[in-house]
Amino acid sequence: MTKIELNGFRKALENREAELGNGNKNREALAIETSSDELDRTQFASERDYAMSNLERNSNRLREVQAALRRIDNGSFGVCDSCEEDINLKRLTAIPWASFCIVCQEAADLEQKAPWNELDTSLVMAA
């Protein structure tokens, strides 16, 4: 990867870090509002859950972006954390915080979606 490309990724990641950092400061939506109306309470709870999900997602993405910036600093940016092969430039352009190549990311996604594969078969047989 050229120094110009690396600097472009650094700039994009720093911009994303600033966006996410500003978004996490907006916590007014997490305030617990009360109402005597059951429908309003349900609506408030739903909005609060949505805001909490967004805050958690943004917080996770911020950690990923910061990790990518550290990888730039230590010279390992663009290298898959799993197989240690180069991550495709198109993937990094789309997702500059990516720490896995597409093959390893798909494998990790499949593993995360199917945790039942790791169940101890003796426990299943005992049931």
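This briefing covers the aromatic pair and the salt bridges in the structure above. The model is predicted. One aromatic pair is present. A search of the whole structure also finds three salt bridges.

**Aromatic pair**

- The pair is made by Phe9 and Phe77, with ring centres 5.4 Å apart.
- Their planes stand at 50°, so the pair is tilted. Stacked would need planes under 30 degrees apart, and edge-to-face would need over 60.
- Phe9 belongs to helix H1, which spans residues 3–23.
- Phe77 sits in the loop between helix H2 (38–74) and helix H3 (89–94).
- The two residues are 68 apart, and the pair links distant parts of the chain.
- Phe9 has a relative accessible area of 8%, so it is buried.
- Phe77 is at 7% relative accessibility and therefore also counts as buried. The cut-off for buried is under 20%.

- Asp73 and Arg10 form a salt bridge, and their closest N and O atoms are 2.9 Å apart.
- Asp73 lies in helix H2 and Arg10 in helix H1.
- Asp73 counts as exposed because its relative accessibility is 56%. The cut-off for exposed is over 50%.
- Arg10 has a relative accessible area of 24%, so this residue is partly exposed.

- Glu19 and Arg16 meet through their side chains in a salt bridge, at 3.2 Å from N to O.
- Both are in helix H1, and they are three residues apart, so about one helical turn separates them.
- Glu19 reaches 49% relative accessibility and therefore counts as partly exposed.
- Arg16 is at 25% relative accessibility, so Arg16 counts as partly exposed too.

- Glu64 and Arg61 form a salt bridge through their side chains, with an N to O distance of 2.8 Å.
- Helix H2 holds both residues. They are three residues apart, about one turn of the helix.
- Glu64 is partly exposed, with 34% relative accessible area.
- Arg61 is partly exposed as well, with a value of 28%.

Key. Residues are numbered from 1 along each chain as its sequence is written. This is a predicted model: local features need pLDDT of at least 70, side-chain atom pairs count only at pLDDT 80 or more; totals for chains, interfaces and linings use all residues. Side-chain values use heavy atoms; hydrogens and water are left out. Rings of Phe, Tyr and Trp (its six-membered ring) pair if their centres lie within 6.5 Å; planes under 30 degrees apart count as stacked, over 60 as edge-to-face and the rest as tilted. Helices (H or I, at least four residues) and strands (E, at least two) are DSSP runs, numbered from the N terminus. Buried means under 20% relative accessible area, exposed over 50%, partly exposed in between (1.4 Å probe, protein chains only). A salt bridge is a side-chain nitrogen of Lys or Arg within 4 Å of a carboxyl oxygen of Asp or Glu.
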